[in-house]
Structure formats: C-alpha cells, structure tokens
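Subject: Structure for you to look at

Hello,

Here is the structure I said I would pass on. Please open it before you read the notes below.

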Amino acid sequence: MAKLTVRDLDVRGKRVFVRVDYNVPMEERDGKMVINDETRIKETLPTLKLLIEKGAKIILAAHLGRPKGKREASLSLRPVAFKLHELLGQPVEFADDAIGEHAEKVVASLKDGQVALLENVRYYNEEEANDPAFAEKLVKLADVYVNDAFGAAHRAHASTEGIARVITKRGGKAAAGLLMERELKFLGDELENPARPFVVILGGAKVSDKIKVIDRLLEKADTILIGGAMAYTFKLAHGVKTGKSLIEPDHKGTALAAEEKAKKLKVNFQLPTDTIIATPVDSGKLNKKGKPVYDLTNIRTVSGDIPDDAEGFSVGPETAANYAEIISSAKTILWNGPMGMFEDERFAAGTNAVAQAVVEATQKNGAKSIIGGGDSVKALNKIGLGNKVTFMSTGGGASLEFLEGAVLPGVAALSEK
Ligand code: ADP
Ligand code: MG
C-alpha cells in the first residue's frame, strides 16, 4: 500500500495546499520573535522546490506552539515567512489569517511557482477539533493536498487529516511530500525486511514510553540493546538495587515480559553491565521553577547494586564498549533514546560512544542507520554526527507512534498510488 507522493502529481497551474511542520523554536529578542533553529524550514525546501519547478501555486499551512484558539502575537508565523523567503530565494506572501477573505485574496493572486504562507492554523480551535467546516474553509481554493508534516501526522487535525478527506471527496489528490516520503521509507519499509544483523538500541527515560516499541521490534530485531534510565526498571525487576534512580516499579512486570518474549523469539536482549552513578546533594538553592537544585557529587562506576543514596545517570564504559562491539557488525541499526543523561557532559560518554559506533558501522560496513526520537537526534547533533548516519527522523512523538506500528491519521488519509 504505497502512498501517492508529490512526485506523482501533475500540478502545473494548480493550487496546492501543503501542510508543513514549521513549529520552530523561537525566542523574544528586543521585542521581536527570532527563530532559534531553522532546521524544520530547511527540511521542506526539497518539496517546495519540486512544486515550484512543476509550476504549482503553493499555499503553505502550519501550526506554531499552543495558542489554544486565540490570536497570540508571539506565536505568529510571520517570522517564518521572512526566513523562508531568505532560504528559498524567492518572495513568500504572508496571509495574516488561515481562512477568510484576506487568505483567499492572497491565495487567489498566486501565479504559477509562487508561494504563500498562511497564519498559524491553531489560532482556531477548529483546527485541533478537526472540524470539517473549518477544513472546507482552509482548502476553499485548493485543488490538491500535500502533507509534508510527518511530525504532526500522529494527530487527526483539520490541516493534517480533515483536509485530505475534503480534497479527495472533491476528486482531488492527497499526496505525501518528499520529507514525509523519506520518513515512511526509513521508519516503515526499510524496517519491514531489514538487512541482518538488525540491531535495535533503545534508551531514554521510561519503560512505559517505549514498551510498545520494544514489543514490536522484538519481532524484527536480532539484538536489542537497552540503555538510559529505562534499564533501571529492568534491573529492579531482577532484584538489583537501584537507589534513587529514575524507575517505574509498576512496570517491573512489563520489563520481565519483554525479556521473556525475547527469549522465546531468540532475540539477543542485553541490559547494561555497569552504570555511572552520582550522589545527589541538596545545594540549598532553588531553580527557576522553585524546585530544589541537587549537586551531583562523587561520580563513579558500579557494576551491581546502586547504593541507597546514589542515582544512575548513564551506562558505564564496559557496557558502552560491549554495545559498540555488537553495533560494529550490524547491517541495519535503529536507535531510539539516549544511553544516559547526555545533556550533562559528565554523563554523555556512553551515548557518545554508541553514536560513534553507529557512525562507523554506517561508513565502514554500509550499515543502514536510522535514528528516531527527538532527544536521540539532539544527542547526535550535539557531537556533530547528525549528518553521518543514514537517516534521522524529524518526527519526535510521531516517529515513536509510527515505530510502535500505529497507523498515523495524517498518513492514512493520503491517496494510494
Ligand atoms: P527520545 O526523545 O530520543 O525518544 P526520550 O525522550 O525517551 O528519548 O529520553 C531522553 C531523556 O532521557 C533525555 O533527556 C535524558 O536526559 C534522559 N535520560 C536518559 N538516561 C537517563 C538516566 N539514567 N537518568 C535520568 N535521565 C535519563
Ligand atoms: Mg524525548
């Protein structure tokens, strides 16, 4: 069931409504909103350039933050229109409303190859409510729908799902953009029949966040390597002491069931053999949110129990070396979730070593390396390895749901080839 993509469309002279993910981090500087990271805007350029080349009239729609149905000036997409103009090298019209007369006027005035950006669709509550009448208004003048916002595809909102139905009911096409197409290829098709060995690296904070992914990937992977705080719940389930570490005692059963399933399916399921721990000491200070700040003292490595007054913050060097060794012979690698609290340099070594191993397997053995998860992507970018893997998902929550095997409403609504 392959989805139609923007490549398959004949759009010359047609008005194409493109949903993009322009939910970029912004900051106020001297009374003006400034974009801190333009990655998401850059990532839409291939789709936009293709549509421009094909002679489409392009209407862009996106959400920014959570304005909760109100016109919130700090969440206007106007700065994005300026940035897009700069990156695209051609003017971008801005309609300061997503629907209504003004938007229609801007859209109606577009010539072939021209681009307009609509104001934040979440200025209307109808967007998140997936209101059919609102969807009709959004695409009043459009002929074709393209969804390039994989990061928003797990939500059935008017601009991500409702519109696709409106357009197809009218006999128009709803297609995936190039970024969406790549996400579906790497997080979907490539993992269906992966080249083996297929090594899955799972970390991050919570077992409960990742259990569905573990469960599904147990059926496909040859090896699963567990790291991050998630490992402590597995340890706890085996009667190992975890001190003050982040654990989920209610999920001990979940953890044991996953290991049981691994045994049955003959998946090599590995837990860390050593842990970097520290003793938190109340500094007497409060953070911005009024919570006590702890100094992390006496940082050391243990291989068994974590003392009562200590907390685990990363896999240790032995685990990192073992995981790196396993990764070095992989042909397909999926990584979701860092191996420790990598945001703090003192606990980043394990995550960095695994990142290095993934990059080496990619470059030396031609392994396909696929990175899903917002923080995992951050961890790779932080050490400049982001462009040295096969694919980094832009999806965050959407990639996690997709990896769980969920049908994303924004994807389901697209036309078949
Ligand atoms: P992703 O976004 O890649 O899916 P998660 O959101 O599941 O990853 O987890 C990332 C977070 O988990 C990071 O902020 C990291 O600091 C935290 N984390 C990982 N290991 C530990 C640990 N041992 N103790 C506390 N936090 C941890
Ligand atoms: Mg995260």
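A salt bridge here is a side-chain nitrogen of Lys or Arg within 4 Å of a carboxyl oxygen of Asp or Glu. By that rule, the interface of domain 1 and domain 2 has zero salt bridges.

Some background before the rest. This is a predicted model, in which local features need pLDDT of at least 70 and side-chain atom pairs count only at pLDDT 80 or more, while totals for chains, interfaces and linings use all residues. Residues are numbered from 1 along each chain as its sequence is written, chains are lettered from A and ligands numbered from 1 in the order in which they are written, and side-chain values use heavy atoms, with hydrogens and water left out.

The two domains

The domain assignment gives domain 1 as 6–182 and domain 2 as 193–402; such bounds come from an automatic or database assignment. Their centres, taken over C-alpha atoms, are 36 Å apart. Eight residues of domain 1 are in contact (heavy atoms within 4.5 Å) with 10 residues of domain 2.

The size of an interface is often given as the accessible area lost when the parts come together. Domain 1 and domain 2 bury about 700 Å² between them, and 62% of it is on carbon and sulfur atoms. Buried area is the accessible area (1.4 Å probe) that two parts lose on being put together, summed over both. Phe150, His154 and Arg182 supply 68% of the area that domain 1 buries against domain 2, more than any other three residues.

The ligand

Which residues come nearest to ligand 1? Of the 19 residues around ligand 1 (a heavy atom within 4 Å), these are Lys210, Ala229, Glu343, Asp375 and Ser376. A polar side-chain atom of Lys210 lies 2.8 Å from an oxygen atom of ligand 1. A polar backbone atom of Asp375 is 2.8 Å from an oxygen atom of ligand 1. For Tyr232, a polar side-chain atom lies 3.2 Å from a nitrogen atom of ligand 1.

Regards

Definitions and conventions. Polar contact = N/O pair within 3.5 Å; in protein donor to acceptor, adjacent residues only side chain to side chain.
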